[in-house]
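Please look over the sequence and the structure shown below before reading on.

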Amino acid sequence: QVQLVESGGGLVQSGDSLRLSCAASERTFSDYNVGWFRQAPGKEREFVAASIWTGLIKYYADSVKGRFTISRDNAKNIVYLQLNSLKPDDTAVYYCAAKEKSYSLIRAENPREYNYWGQGTQVTVSS
């Protein structure tokens with residue numbers, strides 16, 4: 001059982017940056033692929049980014065490519081999501097999720113692929 005806790009959200013202005021963190025309770029967090037998702041009010045949960053367990057393969061949604069970066073520090077059991085050049089459309093609750101490790105990110109966009117979820121952290125971007 002992996003428990004995930006997100007942090008780092010907040011209220012920022014358009015163009016600002018934030019770094020979200022996802023801390024895992026599991027000592028072998030390096031055995032998991034991790035994804036970030038977001039959900040805005042009235043919308044479905046949307047894939048943002050994913051990383052395989054080594055961090056060497058990453059995948060991004062087109063809407064965030066070039067602005068967001070996923071990274072991980074397996075020694076600290078933390079996965080980060082760096083959010084740059086934020087836009088009001090990025091406003092949402094951001095969730096991290098984990099699934100057993102693999103070398104592929106096929107189906108990484110599907111939230112049903114993930115077994116463990118955090119409680120979310122709110123990101124609000126004002127114009």
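Two strands are said to pair if DSSP finds at least two bridges between them, and the strands themselves (E, at least two residues) are DSSP runs numbered from the N terminus, as are helices (H or I, at least four residues). With that in mind, strand E3 (residues 18-24) and E8 pair in the antiparallel sense over six bridges. This is a predicted model, in which local features need pLDDT of at least 70 and side-chain atom pairs count only at pLDDT 80 or more, while totals for chains, interfaces and linings use all residues. Residues are numbered from 1 along each chain as its sequence is written, and side-chain values use heavy atoms, with hydrogens and water left out.

**The four-stranded sheet**

- An open sheet of four strands, paired in the antiparallel sense, runs in the order E1-E3-E8-E7, and its edge strands are E1 (4-7) and E7, each of which pairs on one side only.
- From one strand to the next the twist averages 15°, where axes are lines fitted to C-alpha atoms, for helices over the stretch in contact, and angles run from 0 to 180 degrees between N-to-C directions.
- E1 and E3 are joined in the antiparallel sense over four bridges, and Ser7 stands opposite Ser21 in E3.
- Ser21 also has a bridge partner in E8, namely Tyr80, and the charged end of Arg19 sits over the ring of Tyr80, 4.1 Å from its centre (NZ of Lys or CZ of Arg within 6 Å of the ring centre and within 35 degrees of the ring normal).
- Strand E8 (residues 78-83) is mostly covered, with five of its six residues buried (buried means under 20% relative accessible area, exposed over 50%, and partly exposed in between, using a 1.4 Å probe and protein chains only).
- Strand E7 (residues 68-73) pairs with E8 in the antiparallel sense over six bridges, and Thr69 has Gln82 as its bridge partner in E8.
- The hairpin of E7 and E8 has four residues between the strands, and in it Asn77 takes a positive phi near 60°.

**Aromatic rings**

- A search of the whole structure finds eight aromatic pairs, counting rings of Phe, Tyr and Trp (its six-membered ring) with centres within 6.5 Å, and calling planes under 30 degrees apart stacked, over 60 edge-to-face and the rest tilted.
- Phe37 and Phe47 have ring centres 5.7 Å apart and planes at 75°, so this pair is edge-to-face.
- This pair links distant parts of the chain, with Phe37 in strand E4 (residues 32-39) and Phe47 in strand E5 (residues 46-51), 10 residues apart, and both Phe37 and Phe47 are buried.
- Trp53 and Tyr103 also form an edge-to-face pair, 5.6 Å centre to centre with 75° between the planes.
- Because Trp53 lies in the loop between E5 and strand E6 (58-60) and Tyr103 in the loop between strand E9 (92-100) and strand E10 (116-117), the pair ties together parts that are 50 residues apart in sequence.
- Trp53 is buried, with a relative accessible area of 17%, whereas Tyr103 is exposed, at 60%.
- The charged end of Lys101 sits over the ring of Trp53, 4.0 Å from its centre.
- One aromatic cluster is formed by Phe37, Phe47, Tyr59, Tyr95, Tyr114 and Trp117.

**Enclosed space**

- The structure holds one cavity of 30 Å³ or more, a cavity being a set of points on a 1 Å grid over the protein atoms alone where a 1.4 Å probe fits but cannot get out.
- The largest cavity contains about 40 Å³ of space, a volume being the space filled by probe spheres set on the points, which are joined across faces, edges and corners.
- Residues lining the largest cavity, each with an atom within 4 Å of a point, include Asn33, Lys99, Leu105 and Tyr114.

Definitions and conventions. On a 1 Å grid over the protein atoms alone, a cavity is a set of points where a 1.4 Å probe fits but cannot get out, and a pocket is an open set with protein on both sides within 12 Å along at least five of seven lines; lining residues have an atom within 4 Å of a point.
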